[in-house]
Amino acid sequence: MKNGTCWVDEEGNFIQAHGGVIIQVEDTYYWYGENKDAETQGNRVPFLGFSCYSSKNMRSWHNEGVVLRAVEDDLEHELSTNKVGERPKVVYNQKTKKFVMWFHLDDATYHYARIGVAVADAPAGPFEYQGSLQPSSKHKDSRDMTLYQDEDDAVYLICSTDWNATTLICQLNEEYTGLTGEFKLAFIEQFREAPVVIKENGLYYMFGSGCTGWNPNAMLYGSAKEVTGSWLLIDNPCTGSDYRKTFHGQTSNTFKFNGQWYIMLDHWDKDDLRMSGYSFLPVRFNGNEVEIPWTEEFLGV
Ligand code: DGJ
């Protein structure tokens, strides 16, 4: 898996799992993401749904299919092909035994700015759509988002709000299908997108991009003692050539593999979004400092 390029599944087809997330269920990894396998029209592809791929070794990926499908025959439906669905994130709820997916749901102009929720009994779906919500009555819009599952199984929504000016953090309810209502604002008026979180050495680290559409910009990270605590913006963790453009990528999520943290990047091809590539780069912690160097390849097991 050569970083920065398009990757193929075990059948040789390009992996369509953009803006994705990887979770581990027993000995299997599941990679969910945007299926962008259609012609780019303007700045988007029609919404097709979210794909899932599975792997035992993080190198050979089996296509589990589209696990939440767009609705093709009803243009008024929230999941119709004329909508935008981005950055699906999936968490497992130990109590309800359900897999719960949250994602950025929007219209083609990015004015709808809501969060979609879907639920499944098994990791490879099918996911059943539950409806959409907003992060709060005061900060109504939610665009780029992630879910962070803490060690105590509390799950937090982290999303860009106020037209991407500010990051909002809110805990999910016990079923993970709604929000508790109390929220914390972070990085106020710092215009951050594509948030992802890692906990290491007792501190929470949030990584993300700036706001330049499909064009790359500088990754920045911040840290906090609590997920809903005070977040301090620190620095750009990337090192090496093109570090100020995040190696021409943008954060999508993080995962731990063989004891090592990795950050997942999308390398958007804005003229042909389905041909956007991926990178899995190591995240190195040195005390409270973080470094993300470019590596040519992700090897898996
Ligand atoms: C940047 C976001 O991070 C992407 O997910 C997508 O929404 C693009 N903007 C659209 O321009």
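Glu26 is found in the loop between β1 (18–25) and β2 (28–34), and its phi is positive, at about 55°, although Glu26 is not a glycine. The structure is a predicted model. The points below cover the ligand site, a set of loop residues and the backbone features that go with them.

**Ligand site**

- The space that the ligand takes is the second largest pocket.
- From the side chain of Arg87, an N or O atom is 2.9 Å from an oxygen atom of the ligand.
- Gln250 also places a polar side-chain atom by a ligand oxygen, at 2.8 Å.
- With Gly213 the backbone takes part: one of its polar backbone atoms is 3.4 Å from a nitrogen atom of the ligand.
- The ligand taken alone exposes 300 Å², and the protein buries 92% of that.

- Asp141 lies in the loop that runs between β8 (128–133) and β9 (145–149).
- Is Asp141 buried or exposed? Asp141 has a relative accessible area of 14%, under the 20% cut-off, and therefore counts as buried.
- The side chain of Asp141 makes a polar contact of 2.6 Å with the side chain of Arg143.
- The side chain of Asp141 also reaches the backbone nitrogen of Asp162, at 2.9 Å.

- Asn215 is in the loop between β14 (203–209) and β15 (220–224).
- Its relative accessibility is 36%, so Asn215 counts as partly exposed.
- Along the sequence, Asn215 and Lys270 are 55 residues apart, while their C-alpha atoms are 7.7 Å apart in space.
- The side chains of Asn215 and Lys270 are joined by a polar contact of 3.0 Å.

- The loop between β2 and β3 (49–55) holds Gly42.
- Gly42 has a relative accessibility of 72%, which is over the 50% cut-off, so Gly42 counts as exposed.

**Backbone features in loops**

- Which peptide bond is cis? The bond from Gly125 to Pro126 is cis, and its omega is near 0°.
- Pro126 belongs to the loop between β7 (114–120) and β8.
- Asp242 has a positive phi of about 65° and is not a glycine.
- The loop between β17 (238–239) and β18 (250–257) contains Asp242.
- At a relative accessible area of 40%, Asp242 is partly exposed, because that value falls between the 20% and 50% cut-offs.
- Glu26, with its positive phi of about 55°, has a relative accessible area of 72% and is therefore exposed.

Technical notes
Residues are numbered from 1 along each chain as its sequence is written. This is a predicted model: local features need pLDDT of at least 70, side-chain atom pairs count only at pLDDT 80 or more; totals for chains, interfaces and linings use all residues. Side-chain values use heavy atoms; hydrogens and water are left out. A polar contact is a pair of N or O atoms within 3.5 Å; within protein, one must be able to donate a hydrogen and the other to accept it, and residues adjacent in sequence count only if both atoms are side-chain atoms. Accessible areas come from the Shrake-Rupley method with a 1.4 Å probe; for residues, only the protein chains shown count as cover. On a 1 Å grid over the protein atoms alone, a cavity is a set of points where a 1.4 Å probe fits but cannot get out, and a pocket is an open set with protein on both sides within 12 Å along at least five of seven lines; lining residues have an atom within 4 Å of a point. A molecule sits in a cavity or pocket if more than half of its atoms lie within 2 Å of its grid points. Helices (H or I, at least four residues) and strands (E, at least two) are DSSP runs, numbered from the N terminus. Buried means under 20% relative accessible area, exposed over 50%, partly exposed in between (1.4 Å probe, protein chains only).
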